[in-house]
Amino acid sequence: MTSFVAGKNVVVTGTFPGKLRPEVESSLFALGANIQRAVSGNTDYLICGMKVGARKTEAAEKLGVKMLNLEDYKAIINGTNVPDEEPVVIKPKMTHAEYIASIPENYGGW
């Protein structure tokens, strides 16, 4: 079964509980994702951890890039949301502030 991110351009932002960003990027790369450093018109997904910066999320909003959250990342890595459907996506037009407010206060369980 092909990974959801195979062949997709992905940017990672924020912190991920118990993981360094290079580990997160490596895990996505191993599934066939093309890792980018900045959001551009070629970006398919912005994967948002905790403590995300406004620059990348605002760029994603402006360019219409889909933003995925921690749960989506876990589903992609576990292959549980890979079939024919896209993973859960942060609601369209969610602002940076709304995204930050949506993260549970003590989130961190893998």
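**Close-up views of a predicted model**

Helix α2 (residues 54–63) lies across β1, β3 and β4 and runs at about 145° to β3. The model is predicted: local features need pLDDT of at least 70, side-chain atom pairs count only at pLDDT 80 or more, and totals for chains, interfaces and linings use all residues. Residues are numbered from 1 along each chain as its sequence is written, and side-chain values use heavy atoms, with hydrogens and water left out.

**View 1. The protein chain has 4 helices and 4 strands.** Helices (H or I, at least four residues) and strands (E, at least two) are DSSP runs, numbered from the N terminus. Along the sequence the pattern reads β-α-β-β-α-β-α-α. The protein chain has 110 residues, and 40% of them count as buried. Buried means under 20% relative accessible area, exposed over 50%, and partly exposed in between (1.4 Å probe, protein chains only). The accessible surface of the protein chain is about 6300 Å², with 52% belonging to carbon and sulfur atoms. Areas come from the Shrake-Rupley method with a 1.4 Å probe; for residues, only the protein chains shown count as cover. Of the contacts in the protein chain with a separation of 6 or more, 63% join residues 24 or more positions apart. Contact means heavy atoms within 4.5 Å.

**View 2. The 4 strands form an open, parallel sheet in the order β2-β1-β3-β4.** Its edge strands are β2 (34–36) and β4 (66–68), each pairing on one side only. Two strands pair if DSSP finds at least two bridges between them. Neighbouring strands are turned by 35° against each other on average, direction ignored. Axes are lines fitted to C-alpha atoms, for helices over the stretch in contact; angles run from 0 to 180 degrees between N-to-C directions. Strand β3 (residues 45–48) runs parallel to β4 and is joined to β4 by 3 bridges. L46 has M67 of β4 as its bridge partner.

**View 3. Helix α1 (residues 21–30) packs on the sheet.** The helix touches β1 (9–13), β2 and β3, and its direction makes about 160° with that of β1. V24, E25 and L28 of α1 are buried. Seen down the axis of α1, the buried residues fall within an arc of 95°, so they line one face of the helix. The arc is that of the directions from the helix axis to the C-beta atoms. Their cover includes β1, β2, β3 and α3 (70–78). P22, F29 and A30 are exposed on the other side of α1. Just after α1, G32 takes a positive phi of about 100°.

**View 4. The structure holds 2 aromatic pairs.** F4 and Y45 form a tilted pair, 5.0 Å centre to centre with 45° between the planes. Rings of Phe, Tyr and Trp (its six-membered ring) pair if their centres lie within 6.5 Å; planes under 30 degrees apart count as stacked, over 60 as edge-to-face and the rest as tilted. F4 lies in the segment before β1 and Y45 in strand β3, so the pair ties together parts 41 residues apart in sequence. Both F4 and Y45 are buried.

**View 5. F16 and Y73 form an edge-to-face aromatic pair.** The rings lie 5.5 Å centre to centre, with 65° between the planes. F16 is in the loop between β1 and α1 and Y73 in helix α3, so the pair ties together parts 57 residues apart in sequence. F16 is buried, with a relative accessible area of 4%. Y73 also counts as buried, at 2% relative accessibility.
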